[in-house]
Amino acid sequence: MSFVTVMFYFFEAVAALAGLSLVFVRNVFYGALLLIVCLLSIAAIYILAFAEFVAVTQILIYAGGVLVVIIFGVMLTAKISGRPLVVKHSNLFGGILASGSLLLLLSYFILEQNFQAQQNDIVPNNPAINSIGFGLMTDFVLPFEVAGILLLIALIGAAVIASTIKSKKI
Amino acid sequence: MENDLRSTLDHIFESLLVLGPEVILSIGILLVIIVGLVKKEHAIPTLLSLLIFSFSFLFIIADWKALAEPISLFQGMLRQDTFSLYLRGLADIAGILTVLMSWRNQESQRNLSEYYALIIAAVLGTHLLVMSTNLLMVFLSLELISISSYVLTGFVFDKKGAEGSLKYFLFGSVASAVMLYGLSMFYGFTGTLDFTSEVFFTKLYPSQTPLFFIAGLMTVSGFLYKIAAAPLHPWAPDVYEAAPMPIVAFFSVVPKLAGIGVLTRFIMAINLRGAASYDWQFVLGIVAILSLTVGNFSALMQKNPKRLMAYSSIAQAGFLLIGVIAFLPQGIQFMLFYATIYVVMNFLVFIYLQYFEKNGFVSIAEYSGIGKTFLWPSIFLLIALISLTGLPPTAGFTAKLFIFSSLWEAYQLTGKNILVWLLIFGLLNTVVSLFYYLRIPYYAFIKNRESELKTNILAFENLFGFVLVLLILLFFFSPGLLMGWINKITFVFVIRYPLSVIG
Amino acid sequence: MVSFIVSGRISEKYSWAVTFVAPLFLLVSALSAGYVFYTIWGDQPYVVQWSWFTIGDTNLSAGIYLNNISALMVLIVTLISFLVHVYSTGYMAGDEGITRYFSMLGFFTFAMLGIVLADSLLLVFVFWEMVGFASYMLIGHWKDKPEAAAAASKAFLFNRIGDAGFLIGLMLIWTNTGTFDLAELAKVQDIYSWQTTASLCLFCGVMGKSAQFPLLTWLPDAMEGPTPVSALIHAATMVAAGVFLLARVDFLFTPTALDVIAIVGIITACMAALSALVQSDIKKILAYSTISQLGLMITAIGAGSSAAAMLHLFTHAFFKAGLFLCAGIVIHVLHQAQQQAHTHFNVQDIRNLGGLRKKLPFTFVAFILSGSALAGLPFFSGFLSKDAILTAIAGWKGSDFSWRWIVFIAAFIVSFITVIYTFRMIWTVFMGEEKSTASLPVVEPPLVMRGPVALLAIASVWLIVSVNPFHYHGWIFNVLHSGKHFDLGIISFISVLWITLAVATSYFIFRKKTISSELLLNNFYLDKLYTSAIGKPSLRLASMVSFVDRKCIDGFIHVSAYAQVTTAHFIGWFDRAIVDGTVNGIASLSRVAGNMTRSFQGGKIQLYILWAILAIIIFLIWTLF
Amino acid sequence: MFPIHHFLLLAAFLFCAGLLVIIVKRNAIMVLLGIELMLNASNLNLVAFNQLHPAQLGGQMFALFVIIVAVCEAAVGLAIVLRIYQYYQTSVPDEISELRDS
Amino acid sequence: MHHYLISLLIFTPLLVAVVGLFIPAKAEKYFRYSTLGVNLFQLAVLVMMLMRYVTEAGVQFVEKKSWITLSLGSWGMLKAEYFVGVDGLGMPMVALSVFVLLIATISSWTIDKNVKGYFLLLLILNAAIIGSFTALDFLLFYLFFEFMLLPMFFLIAIWGGARREYASIKFFLYTLLGSIFILIAMIALYISVHDPSSSGQLVHSFNLLNMTDPTNFISNSVLDPNNPWKIGPLDARLWAFLLLFFGFAIKLPMVPVHTWLPDAHVEAPTPVSVILAALLLKIGGYGLVRIAFPIFPEAAMHFSMFIGVMGVISIIYGGLNAMASKDLKRLIAYSSVSHMGFVLLGLASITPEGVAGSIYQMFSHGLVSALLFLIAGVLYDRTHDRTIGNYSGLSIKMKSYTAIVLVGFFASMGLPGFSGFIAEIMIFLGAFKSNSVNGLLHESLAIIATLGLILGAAYYLWTLQRMFFGPYDLKGNIAHSSIYDLNNREYLMLIPLAIAALFFGIFPQPLINFIDPFARNFSEFVLSTGKSLTLNP
């Protein structure tokens, strides 16, 4: 078992554990931190799956951006409500039933499935970042543009929602 | 490499030219926002967005005329064909109607330019979604619709609005996450994102494992959520109740068009030219039956017209699905016909719901006797509701007749019992739907009230409504006008499958 | 020929306005009837046909079929009708519904002639029902009398019951022969099994119309109508239509059917005769006697001698009409006298009457004459016709002892009883002391009323039937009778003795004594039986059905509508509560109550999600496994 | 290259965990976290599958765009949640129930 | 000119209704007189049609315009036509409609609540009724059929009695359910049938005449007569027939789907009751004769015993219910159920006599039930009370009224001399003959049905006895001043009906001339075609 393999399973374990504990944790703040842990380990797994660029994006945008924003939100709401950030559970039984059975189904059938059969081209490649960039400008230029519009819309939306809060206060 | 790149860029450029309507809409978003920053008058963003939609629509007509063969754009990201052109045109019309409705509602509206920008964005998303042949594009354009919708829901800016937004957002995000998981599985099965490509078929064909079914179901769930089909409907009533009236009308139409469009394409793809080992007809049949039942029965006890229309739209989603379920070119054409009529009649209903809401009638019980004070609006509303029920002489009847015909034809070809059940269920549900559709006219005409409100017969709504009523009647008496167009739609996907395989 | 129908129609139409015109028209029609009778009598049947309507390959014609029987009948009908019309102008004078009365009377005559002349069974049925309608209208003439209305309804209803049978018979005949035409039907020679059923069905109609057992109770009630009506319809013509019909279609009857007919006839005759014995209402006595006589005629037909039946019909028509009209006179004059004297008692109750012979000598004589005919005293027409019937039965019974002997004996008993009740009636009304009427200024009625009575009374003597007062083979019987000739002189002899005995018995025993029997008075409680066995149950059935209709079928609809709404609620509830409630409940029992109440508020997005996901998973599992 | 199943199983697990979080947690922000988890599960799938079909880089591209979408969703979602706080002083979705069937 | 007679009949009321929309509601007179004018005009047109009608010539006055022609790609063409015409079935019904509608308008003169709306709805209803009786295209028929529902719904719901809301909704739901059944069958039919006249291309046509020809069915379609599919325990064709049958039976109405009728009748205003009973019920019977039987002859034969039994049940059940009714209108309504049972019985026999009788019965019942409802309406107008038990001895105060009532009642119980008798006789003939001719019905059905005649006499006579005879008395809150005899307007509407009922009872041939050729062809066609088609075991 090589080091890489160990690392792989280690990060898998970490991610899984973080995900699991997210279910049980009661504090929103800890939850956010656990999610960061989870995302970081996933980023590591990405690297092991030859997706360095995705991994970097994951760390930068997700862990660094999104979750910071979320934690910010947590702080903000805590401040407004003035309540402890402890979260109650509800629908526990139904939730466990649903997600548990889904997990069972998925894992059973994933193990049944032979994905190797569908392999297109066994070219173990090391995707260069430039090929991603090239792709973004050629094959994926439209999604790229659309993503831009999407971001713009999200921005406008968030701004509208936020701005009305202010106007309400006045 | 150099040549490759050049040809790719040329292709992109050509694609962009074909994509005129979308370009116009994208520019429109920016324009509306910028203008909104500069000018504070209400009328300007309204007129501007009206113009944008009209241009887009004109462009679509031009495209329609120019189009000979389906074109693949951006290396299989999108497909320009008559099917998508038709739905896009319909979405544009819905956009125009929404803007017109909003015009009558704008004094209560703030942040108008953002409001219109979001509407345009949602229409843009619809455009892209119905053209998408690529899993990534499906996801992105769906999100484009969703995110603008989340924000639009809360445009009343009150407690209810915020709540509606939140609910829509949470449900929508989960649904798209589930869909995404399904999409990722499909990528895994085939290695391609283009679900119309030959590779997709050849790779998928041998791997029809249960996982394939799960993935398909998850993906379809995402689309079903967009058209508010049961069991992915529960967001609809709350959202409809919370949102402002033009937006409700918009929601009841545009995301449905988008969802049903992409669902049609996708389900044809994973039906594997009729060779799928899983019976997608059955799946959709169950969904349709559920939608019809849940929608109609839940609508029975509603007291708020908006919620009532929400449940009605759930049931109507079931009817739209019936057209798809036939898995026949005619079925899809009839579905488009139904969708067109649905746009007209739903807008007709909402125009008057808004009109009455503005005059202070909010719950159905308050509609008592408005038939006397608001004669014409009540009559137009009645016609719209009759059409929704599906009684002659309205186009709603023709549309129902058509989709049930295609269902019967499908039954004749396949002999599947689920189709007969669906037929019977669907038609019997019409009887149930009568109960609640007629509740509003029932209160309006039969209950009495003492009121001496002065009404303006020449109100904008009446003019607007009159045109739509004429359309409803016109399409009943000569559906050929519309079907003539729809008949030109050669739905490439289905045609390619020999019917014998299905039968 | 057409003149009959025309005259019938005209009388129907015009008498509406002019009361006097009606008898005039009837006179015309009676005269023409006489002419017709003269031409037809003994000749070949006369047939005229017009097509009425055609369906498919069935051609239903309307036409006239005149043979001896119908010619005789025409004569009877027009003549008596004419007399009754004349009589009625006096009897009904001053009645406010007189135009209606005469128009219905005219309509009745028209319809009756229709029955007589019709050439097809269907047409007979048509007029048969019309006659019933006329009878209904006439019985119920005094509309504000609830009894009259009830009696009218009853009469029509009983007739309808019979008619239903008639209709079935018609259908049977038509299905098997493809025609209703009497002339065509007469050609059917072979005896088929369907004929029994068919003829019995026809007989059902006869039972209704001629008040045979078990449909006899309507006739006594029908006496609520004006007395001339009783005379015309319920004594002379309509009730006799049944006998006429049987005589007319006698070729259809099979021996089995005839046996049944004879039995029914004799049962009716006996029952009615016994009932007549104890009645106190003068009209009811006459009614029961009518039923009884009809029973005898039917028995005669059953015995295979339609000629005898027709003969008796003929004589009976005259003397019974006469009796009724006499009774009418009694009632009428007493009524008028009562009005003058301002007293009130039931003038129809013979117990209130007595000794009227002094005040009403003319009526007394007429009554005696007609009554003797009814009783069958020698030298009266009734004797001869009854003799014919008895002879027929005697011939039919055969020499070996069988149940037919019982019929034969019963017939004799009936004629015996007839004598008794007739004389009881005469005695109580005309002889003895005056009771309630003593102080009343009773005078004979006007000529218009006396005239017809006189004619009818004269017609009760034997000469009308044959010259020989002891032999019925007169002009009528000879023409009507065909086939084997059965004659038994001894019967005449026996009956003379028998009747003398009866007269003696009645004079010595029943003169003073009245028999009273609740059973007989109420006609064997048949009415009660009908009310309790058919009337009430059917009403109860009706209300039950209506209950079923309202509660069950409608209830079902309501339940389904309710179920729909419930389903709606349930789905909504399921949406909000079940998923919600159970999940919460199982998760933490302590919170169940709180959550349940809250869960009804709904609007929980996470539950929506959970529900949707669960639905998908359930569907997955269902499909995959 | 690691067995693809191991990626997939982890993804499935995370997906279900995210779902559970969404259903169970009575806090809108936690639900948001759950959604992020689910999106990441799908991303993991995509990246893993990209190893099988490396030619077009479709999986990786898809994953990148998913991340972008996640950002958008998070932004809008947070804005909405903040507004909810404004009105309701709570972030428990269950307690926000003005809208319901009458 | 005479090519457009039917269109004139159908579209004149619609046109006037459209014009009326723009007339202010205050001009009440305009609406009354224009409706009357339309009716008179229709009467004139009708007379022209009757004069030109050739009794043996089958379908006449045909107008055929293409209406919807859609190309459906590989699936062929969809063709619906504006195809109208009348034959021996349609002509009497159209005549009846025109006549009764005229009477109904006269009877509507007393309406004073929202006159505009009322008469406009009446005009629309008028067009729809005549349209359904003349349409020979299934889609067109269905259009008119459904189009009747809404005006009727509003007429009952707005101008009706105390429980009008319940009644109207019940009416609507029942009939809508029925029309859904018909719709299913219609869809199945037009998909399975092609138009033989179009060569080359497959044309799915709604033409009712095409549908009757078994050779026009596309082979291996669900309803292909030569090789029908099996759905569940029965042939698809049998199912389709049953759908049509129940769809029309609801309209007819047949027990046990009749309960909308008493309520609707009781609550509806008089003219609407008249139209409902005299015309709308007939559409049920008409539909059976025009559509269900000829298209599925073998199914009709297969189910004829069942239909006959249902008919007899309706006869008896309706009669019993009528007997138990305490409300005059309810009684009449149930008697309608009973009478329409005869229609079923006659049809089930599939003999010329039975079928002709059924049509005759429809016609006759149209006249008589109109008369009866008008009678009930006259009383209700005066006293606003229809409880039978509250009246007694009315004949003393209302002589002419009582005379008319007598005519009506006796006509309804099928006394000879009235049209009902002829109809019932023919039906009995047919039902009786059936066993020996085609073996479809057992004679016992006809025998049991005679019970209906007795029941009919019983409830009518009882009513007469209770309401009109005996001493004059009123109970309840009825003012004595409100009892008065008929006025001229009432004579005008009652007398023609009474005369018509009498005329067609005495001289049936004029009407039979219309019906008979049709009935003969019909039964021959159904029997021969039905026998040539086999049912899947």
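Select helix H10 of chain B, residues 235–242: eight of its eight residues are buried, so the helix is largely enclosed by the rest of the structure. Buried here means under 20% relative accessible area, exposed means over 50%, and partly exposed lies in between (1.4 Å probe, protein chains only). Helices are DSSP runs of H or I with at least four residues, numbered from the N terminus. This is a predicted model, in which local features need pLDDT of at least 70 and side-chain atom pairs count only at pLDDT 80 or more, while totals for chains, interfaces and linings use all residues. Residues are numbered from 1 along each chain as its sequence is written, chains are lettered from A in the order in which they are written, and side-chain values use heavy atoms, leaving out hydrogens and water.

Now show what covers H10(B): the cover includes H6 (135–153), H7 (159–190), H9 (210–227), H11 (245–270) and H13 (305–325) of chain B, together with H25 (605–624) of chain C.

Stay here and pick Glu241(B) and Lys160(B), whose side chains meet in a salt bridge at 3.4 Å, N to O. The term stands for a side-chain nitrogen of Lys or Arg within 4 Å of a carboxyl oxygen of Asp or Glu. Glu241(B) lies in H10 and Lys160(B) in H7 of chain B, so the pair ties together parts that are 81 residues apart in sequence. Glu241(B) is buried at 11%, whereas Lys160(B) is partly exposed at 29% relative accessibility.

Next, select Arg88(B) and Glu22(B), another salt bridge, at 2.9 Å, N to O. Arg88(B) sits in H4 (82–103) and Glu22(B) in H2 (20–38) of chain B, so this pair joins parts 66 residues apart in sequence. Arg88(B) counts as buried at 0% relative accessibility, and Glu22(B) counts as buried at 3%.

Move on to chains A and D. Which chain A residues lie at this contact? In all, 87 residues of chain A are in contact with 70 residues of chain D, contact meaning heavy atoms within 4.5 Å. Tyr62(A), Phe115(A) and Ile161(A) lose the most area to chain D, together 8% of what that side buries. No salt bridges are counted between the two chains.

Finish at Phe138(E), which touches residues including Ile182(E), Met186(E), Phe206(E) and Ile291(E), leaving aside residues up to four places away in sequence.

Terms used:
Buried area = accessible area lost by both parts, 1.4 Å probe. Helix = DSSP H or I, 4+ residues; strand = E, 2+ residues; numbered from the N terminus.
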